[in-house]
Amino acid sequence: MRVCYFFSVIMLMHAYICFGDTAPFVISEEIMGTTVTQTIYGPHADKVAREASSRIREIESILSFHLPASDLSRLNNHAGKGDIVLKPETMYNLQKSIYYSGLTNGGFNVLVGPLVKLWKVTSPDADIPSAGQIAALMPLIDYRDLHVNIESGTARLDKKGQMADLGGIAKGYASDEVIAIYKKRGITKAIIDIGGNLGLLGFKAKDTPWCIGIQYPGKDRGNPACAVYLSDCSLSTSGAYERFFEKNGKIYHHIIDPSTGYPADTGLLSVSIIAPKSIDSDALSKIFVIGADKGIALIKRIPNTNAVLITKDKRIIVTDGLRHKFKLIAADDFTVQFK
Ligand code: ADP
Ligand code: MG
């Protein structure tokens, strides 16, 4: 029997998994600007993994904010010029994004694109923009200026210079698409991880859920602060500790607070959302922007959805639905609050 040791078997971006008795097929690739790891059990796993990889690449080519030929870039280049016909994938992600922009009162904001471009947090020459540069873009980021018409398959951005960015939701969507491929190909046990958006198919073993570790923010990868026991669902983590630059001792990370134009600073280090689908957990992990109190209140109103929040002041806030599925690991450093 293979030793099932909690966090040593496979290291993912924000989460660690222990596997069961038979060896899975595992492949890691760089797609969508992040690491994509597939862990698939059963025959023909390699073939299924290839099909899933090409679907993720296809989704990237459609939804990328950075690729000039993507469908999303077509929309952005058409800003202020009326309606444009878009692919079904783009329409679906835009529609979901508008929904979550409203639900989070603009914490998740699909029109944050101009600010993301200005901050370019992940580029080697990232720097703090001037207050004037940020102020100049604020009139462009009202998500109510994005209109989608599902019947005609069209969308429009009201003002020139506006840009939709699906970076906060598209990896979740891709993870859902991969799970759909696994199911279609008869796979009953697998994990897809797209940059911290996990899709979990089936159980680790009969009646035994997967044990997913949540990264201890600021520590080297492979150090979980806590873990959750899950099956057949998705888990997405957004954090201030993976993509950032540092200037004058201060961290500037990639989740922008649309109400200020600056990286969100609400006392949180990471937000993990557990939901049936990853498109939803990815978008909802942006409650990072609205902070713990409002964020938890929102998550508690959504059926089958839970959250694990790690705060700067060393608390781990966990929604009640996870009370029997949660395990604290870094017990010396954190206190746990169920809400
Ligand atoms: P990752 O890109 O590592 O998956 P997240 O899921 O946390 O990280 O999403 C962060 C990305 O979402 C940013 O890189 C940017 O493209 C986009 N984004 C930044 N701020 C917001 C926001 N307030 N609302 C929606 N999307 C955002
Ligand atoms: Mg994400």
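Domain bounds here come from an automatic or database domain assignment. For the protein chain of this predicted model, that assignment gives domain 1 (2–56 + 193–338) and domain 2 (62–157). Their C-alpha centres lie 25 Å apart, and the contact between them (heavy atoms within 4.5 Å) takes 26 residues from domain 1 and 24 residues from domain 2.

Now let's turn to the ligand. The shell around ligand 1 draws at least three residues from each of domain 1 and domain 2. Being near means having a heavy atom within 4 Å, and of the 18 residues around ligand 1, N109, D165, S238, I256 and K286 come nearest.

Look next at the oxygen atoms of ligand 1. One is 2.6 Å from an N or O atom in the side chain of K286; for K171 the corresponding distance is 3.1 Å, and for R243 it is 3.2 Å. The protein covers 93% of the 550 Å² of accessible area that ligand 1 has on its own (Shrake-Rupley method, 1.4 Å probe).

A last word on conventions. Residues are numbered from 1 along each chain as its sequence is written, while chains are lettered from A and ligands numbered from 1 in the order in which they are written. Local features need pLDDT of at least 70, side-chain atom pairs count only at pLDDT 80 or more, totals for chains, interfaces and linings use all residues, and side-chain values use heavy atoms, leaving out hydrogens and water.

Technical notes
Polar contact = N/O pair within 3.5 Å; in protein donor to acceptor, adjacent residues only side chain to side chain.
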